[in-house]
Each structure stands twice: as structure tokens, then as C-alpha cells.
Amino acid sequence: MHTTPDTAAGTESHTASALKAIEQKLLWLSCWTIHNANHVRAKADGLKVGGHQASCASMVSIMTALYFAHLRPQDRVAVKPHASPVFHAMQYLAGLQTREKLEAFRGYGGAQSYPSRTKDIDDVDFSTGSVGLGVAITAFASMVQDYLAAKSWADPGPEGRMIALVGDAELDEGNVYEALQEGWKQGLRNTWWIIDYNRQSLDGVVREGLAERIEAIFGAFGWDVVTLKYGALQRAAFDEPGGAALRRWIDTCPNALYSALTFQGGAAWRKRLLDDIGDQGEVSALIERRTDAELQELMTNLGGHCLETLSASFAEQARHDRPVAFVAYTIKGWNTPLAGHKDNHGGLMTAAQMESFREQMGVRPGHEWEPAEGIDLSAAELKRVVAATPFFAAGARRRTAAHVAPPGHIFLDDRVLSTQAGFGKILDQLARSDHPLADRIVTTSPDVTVSTNLGPFVNRRGLFARDAVADTFRDQRIPSAQKWAFSPDGQHIELGIAEMNLFLLLGAAGLSHSLFGERLLPVGTLYDPFIARGLDALNYACYQDARFMVVATPSGVTLAPEGGAHQSLGTPLIGMSQDGLAAFEPAWLDELSILMDWSFDYMQRDGEGDPDERTWLRDETGGSVYLRLSTQALEQPARRDDAAFRQGVIDGAYWLREPGPNCEVVIAYQGVVAPHAIEAAGRIGTDRRDIGVLAVTSADRLNAGWHAAMRMRKRGHRGAMSHIERLLSPLPRHCTMITVMDGHPATLAWLGSVCGHRTAALGVEHFGQTGTIADLHHHYGIDADAIVAAASELAPGRPVRLVNPI
């Protein structure tokens, strides 16, 4: 552990003075932005808008020292969610945020509650908001930076530092510790986590001794731990006669008491200190030499509020690339009327408190938004100081990367194969090629590389590590199908069993074009049911508009012998509901080939304008892709490669069997139940006319297009028609639709609403059990017999014999 030095090297006086002025300005602007949103701006509903004035105050010194004295343009920062107003205020001073957006903070079109790459106009590196995730992604971004630096084809630019500003309560999140372990395994470098140790959270005060636990845990994973407990004023007081006793008192004071005395102020400090340690002459003299105001300033001069201490520590740790955890002691609500109060987390200054704070800050009414108001810098001087700050000198730091054209469809000749195995074969053929896109693929998996068919790609392209590690089994001539050698040339990043880490890595790699100016095409695999274990991180990655492909397999109950814990029911609904993610479930290999080629292009697209209009016109912006695959091998149809088929696969559906003009029944299937749908169509077609079979490759794409077209029609585009409407509108109204899939039936049940057809939705609603595939498909009513039975009930024809009556 490193601790605060007894003497900290200060900055030059004019720089120190400028930093102090900026610190004051950021404190005012952040608190005023929140106050304006809650007490000044008109509110139609009268509800509290919210904001976190106290959490901003505890971070303002850290962010001032970091951004205005130590950050470089190549450094990337994940800002503590509740310090969003401080971030927006900094960007406002730098000309990267507008007054209008600040005035509309937490309102429609305004600066966002928490920093957002996709919703804010200012220079956000990482979105934050779901606590803990913004912390951990910085570690994975650092790993991605190391990955790019090792590639001969990449030029990621100067090596940057990935920094997270962390609330101490965020350390309760388990994903933080999963990331710590993965960072240790991957040789993490160039990562700082600066912990705002204000010892207060939403519901109370943190337990005593947390700082020691932080030191022990981070130290165990190879991090340097730097504790910034005392500010320069406190360290100077410790050198006075009686100062050692004051230091001991501070070190043993319970967190809750320290907060309470801070709220009560200098007189309360005086009484408590004199009661506890004032019978010693030197200590009493130390206390009595200070007024109440000076005593309050001394006792709140913790390391996290001392620009001199922060600057010296940041400069010292910048000399090496080891990961560092700074434990910066702070006061929640520092220098505001809310300082130290137990209820200050979501508390807001009253109008009277704000007026007192305004007077303290020297801000005149009507001048609240003026950048230089109330500080010892003129507007011109402030502008020069900000413009000369390296981090802000170049403006916004979003980078771009060239589009890498996909190689075209890679079709497979296998007559019987699963989509999971087909995925592995397609990637293997890409790995064998010298196509530029193959070099940009980086694969990863939470310890299921082999069982999700990534093995062939890894065998050809290798595992990544900054330092080469030999494959001991091969060196010892032990036969193995896997070539598990690590090198800087490798293209697979091996992860432990933690799905949160998988999606955080995919998110970081999927932002490489924006963060580092180099395109990566991340492909991650996991077991389909365990998407739910990493769902928060998946949503977080999509919210940032990261671009990646997630391949989840096996789907549904088709991994029948494994039982319910390894079977997925609701994941198709996750795919449909997750913004920024196009979800597909192909049944056949030719569909998979088309979708993978399309996906590598889709992952690189950018788009402008109305998303509804783009969806309707197919001129789409890009996003990430979710492929739900299966381990069940199917006999393949003859290869199809005409333009209409390809477009239908991409748009979400096509007619496998075109319905006739008097169609009585349509069977719509998605995924591995395709053979059941085909068999059932043949059986019920003996006594019903013009049976149709609709092959659905993406309920997600169909549903999104349908809703987009409906919204477009409401806006006056009467000709707007979605793909699914074009497919189903020719069907007669008396036609019955039967939907079936190995997943929740609600995934396809909505199809009957498109044109008003009576529908029976078959699927799996309950946890599975062990058995054969045939057992479980029959038990849950998604086999051919179930489809035939549904047709007989809803669209009676001549009786059809069931092979295995349900």
C-alpha cells in the first residue's frame, strides 16, 4: 500500500489558484444544475426531478485535479454515475456542452442523468448508470488496448490510461470483483480506479474497516493501493504540538460520527474534540488557535478534497503502468449545506439553503450560468486555462475506423449438421483465409470455448497474451484436439466462467473503433440459458452502442439430457426486447451463412435520422447481433442462394412453402423445430387446402419492422408496410396460424395480430427435465403431433392420425 506523503509537491501558484477556481465553479454549476431542474424549471407533473448534489460535491476536487492537471487526450474515463452534473459542467466550460442542455438536465432532450455515449452531446468515454459496470469496463478497455498494441496491422495511437471514478458503495457490486480476478489473469495495466470514499450510501453509512478490506482485496490481485486520507491542512496540523493526538482521534473516529460532526459544523467539532482529547494542553491549544470556520475547514480537509494532495499522488502514480486503486477520503456534500447528513444521498438543497450557498459561492442572481461568475478568474482567463488543458485542447475525442468489407457467404456442404457446428465451421474457414476481415475478428468465451465450437478458430488463430506461453501438452507430446498456445498474435481472449465479464469485454472490444481508432469484430459465445446471468452487462454494452456478435447455444430444451438448468425458455424474448441487438434463430446452415456475412457488415454500420424510417426502408443503422443456435443436427435442404431468399432470411422470414389462395392453415416456426413443422404440414395438408409454412429466422426483426411501419403510417406515410405484413396480407381471413418454437410461445404469438388471423402459439413455458429431444419436444407440445393436434382443433378437416397422441 502507498499512503499520502507527509509533504506533497504542489503545483505552481498560478496553476493551483486556477484549479481552485475551477473546483469552485464546478461545485456551483453541478449543484445549480440540479437545483434548477427541481426548483426553478417549470414542472407539469410536480414530481421531484432528482439529482445528487451531495455525491457531486464529494467528487468535485478529484475531477478537477484529474481532468485539468493530469489527463491526456488518449486517457479514457468512466465517471461515477451520480457525478454526472460535475462532468456536464466541465464539458460546458470546455465548450462541449450547452447551457440549454444543462437547463434541461434530466428533462426531455437535456443533459442525461448519468453520462451517456449515445444520448449526451458531450465527450462521454463510457456510459455509466448501472453501478459497478462503468468501473469494470475500464479494465476490459485496457485489455483491448493491449490487444491492439500487439497487432502489426493496428495503430491504436499513444497508450492511454483507463480510469474509473468509483463511488465506495459501488464496490458492493459483485461484477467489480469478477473483473478484478480477470484483470489479474490477463496482466492488467494502465488502469486507475479512483474511489470516492465518502462512507455514505443511499440507506446509511458504510461499515467500519472497509478501507482495509479494499486494500487487502486489491492488493491480493496485484494492484497498488494509494490511500489519500489527509489533506495538506491536516498534515500541517499533525506537525504542530498536539497534532499526533489529533491524528489518532481522526483515525479512530467512527464514520457515522465524523459525518454527523461535519454536518453540525465547527462548534460541534470544537466541543467533541475538547471533550475527547482537550485535556492535553498542546491539543487544546491546537484547537483553540482556530475559529469555528477554520476548524470546520481543517476537519473536512481530507485527501480527496485537497488539490495539492491529489495532484501529487496522480503525478507519482503516472510514472508506471501498474493498476492503481486510489482510496480518496471525502465528505459527501462537501462545502454545501448538505455536508455529512445521513439523508443527503438523494437530498436537495432547499431554496433557503441554495440562497446561502449562492452567497458562499459569490454568484449574483441572474448570473448562475456564467462560466466565470463568482471565481477569481475573468471569463477570458478561464477560457485560456481550459483551452490550455491537454485533455480538452483537441476537443471531442471520438475516433473512427474504416469499414472492413465481409468476404461474402461461406456456404457449407454438410448434409446433416447443427447450427452450432456450422457456426464453428464457418469461422474456421474464415480463419483459414487471408481475408482482412479475419484478422479483425477477436473471439472470447467464459470457459466454454470448445463446447460452443470456437475450438477450430482458436486452433488456427491462437490465444492472445502479451507474453507468449507454450502449450505444455503439445510440448509433452500428449495428444489433444486443442492447440492452446498463447502469443501476442493470438485472436482469442480466454475468460473464466463469468458471463458479466464476457459482455463487458464484448462491450469494450465493440467500442474499439471509437476509443482507439481500430476496428475489431468481437465474437463471444456462451450457453444460451446463461445470457440471463450477464444480462445487465449485455444491456450496458448495447446502451453504449458497442458492436459485437454473441452466439448463444444450445437453444431451448434441445440439450435434453442436461436438464432444466441448462435449457433456455425466455432468451428469444430477451433478443426481441433488447435495444441495439438484432436477434436471429436460424434453422438451416444456408440461413446461418447468410446471417453471419450480413452480421459482419451490420456490426460496422452507422446511421442517421429516424430509426423507424430506417427500419421500414431497410436503410438501417448498425448494431450488435445475437445468434441463438442449437446442438441438434438437422438434415439440410438443398442450398438456396437467390436474392429473394437472402433478403427474407435477413428481414426475418420467408415462405418455405408458399400458401395457396385458399389457405386454411399456416405453420410458422423458428429454429430447430423446423422438421416438426415440415412433417406436420405434410400430414395436415392431405385434407386442408393450400397449407403454408413460414420459416421465421428472426421474430425480433419482424416485430421491429411491424411496429416501425405502424408508427410511420400514423405519421402520414400511408404506404409504409413491413416485411411481415407483406408476407401475411395475402392470406384469407379464415386462415388459422400455428406458431411453434423451442422457446417461450409469446415470441411468435403476436403474428396473428398482424392481419387478424386466429392463432395457436406452441412453445415451452416451464423448466425442462432430462430426457431425449423427442421426449421433451413431445412433452412440451412442440413436435409434429402437437402441431397437427392444434390444426385439428382450430381448423377441423378430416381427422388426422397422431403418431404419439398427447
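The legends below describe close-up views of a predicted model.

Residues are numbered from 1 along each chain as its sequence is written, and side-chain values use heavy atoms, with hydrogens and water left out. Local features need pLDDT of at least 70 and side-chain atom pairs count only at pLDDT 80 or more, whereas totals for chains, interfaces and linings use all residues.

**View 1. The salt bridge between Asp196 and Lys80**. A salt bridge is a side-chain nitrogen of Lys or Arg within 4 Å of a carboxyl oxygen of Asp or Glu, and 42 of them are counted in the model. The side chains of Asp196 and Lys80 form one, with an N to O distance of 2.8 Å. Asp196 belongs to strand 4 (residues 191-197) and Lys80 to the loop between strand 2 (76-78) and helix 3 (84-93), so the pair ties together parts that are 116 residues apart in sequence. Helices (H or I, at least four residues) and strands (E, at least two) are DSSP runs, numbered from the N terminus. Asp196 is buried, with a relative accessible area of 0%, and Lys80 is also buried, at 6% relative accessibility. Buried means under 20% relative accessible area, exposed over 50%, and partly exposed in between (1.4 Å probe, protein chains only).

**View 2. The salt bridge between Arg322 and Asp224**. The closest N and O atoms of Arg322 and Asp224 are 2.9 Å apart. Arg322 sits in the loop between helix 14 (307-317) and strand 6 (324-329), and Asp224 in strand 5 (residues 224-228); the pair links distant parts of the chain, 98 residues apart. Arg322 is partly exposed, with a relative accessible area of 39%, whereas Asp224 is buried, at 12%.

**View 3. The surroundings of Pro323**. Pro323 also lies in the loop between helix 14 and strand 6, and is buried, with a relative accessible area of 7%. Residues up to four places away in sequence being left out, Pro323 touches Leu188, Thr191, Gly222, Trp223 and Asp224; contact means heavy atoms within 4.5 Å. Phe218 is 105 residues from Pro323 along the chain, and the C-alpha atoms of the two are separated by 9.5 Å.

**View 4. The contacts of Asn190**. Asn190 is located in the loop between helix 6 (174-186) and strand 4. This residue is buried, with a relative accessible area of 6%. Apart from neighbours within four places in sequence, Asn190 is in contact with Ser142, Gln145, Glu159, Gly160, Arg161, Met162 and Asp321.

**View 5. Aromatic pairs that involve Phe326**. Rings of Phe, Tyr and Trp (its six-membered ring) pair if their centres lie within 6.5 Å; planes under 30 degrees apart count as stacked, over 60 as edge-to-face and the rest as tilted. The whole structure holds 24 aromatic pairs. The rings of Trp192 and Phe326 have centres 5.0 Å apart and planes at 70 degrees, so the pair is edge-to-face. Trp192 is in strand 4 and Phe326 in strand 6, so this pair ties together parts that are 134 residues apart in sequence. Both Trp192 and Phe326 are buried. The rings of Phe314 and Phe326 are likewise edge-to-face, because their centres are 5.2 Å apart and their planes at 90 degrees. Phe314 lies in helix 14 and Phe326 in strand 6, so the pair ties together parts that are twelve residues apart in sequence. Phe314 has a relative accessible area of 0% and is buried.

**View 6. An aromatic cluster**. Ring pairs link Trp28, Trp32, Phe357 and Trp369 into this cluster.
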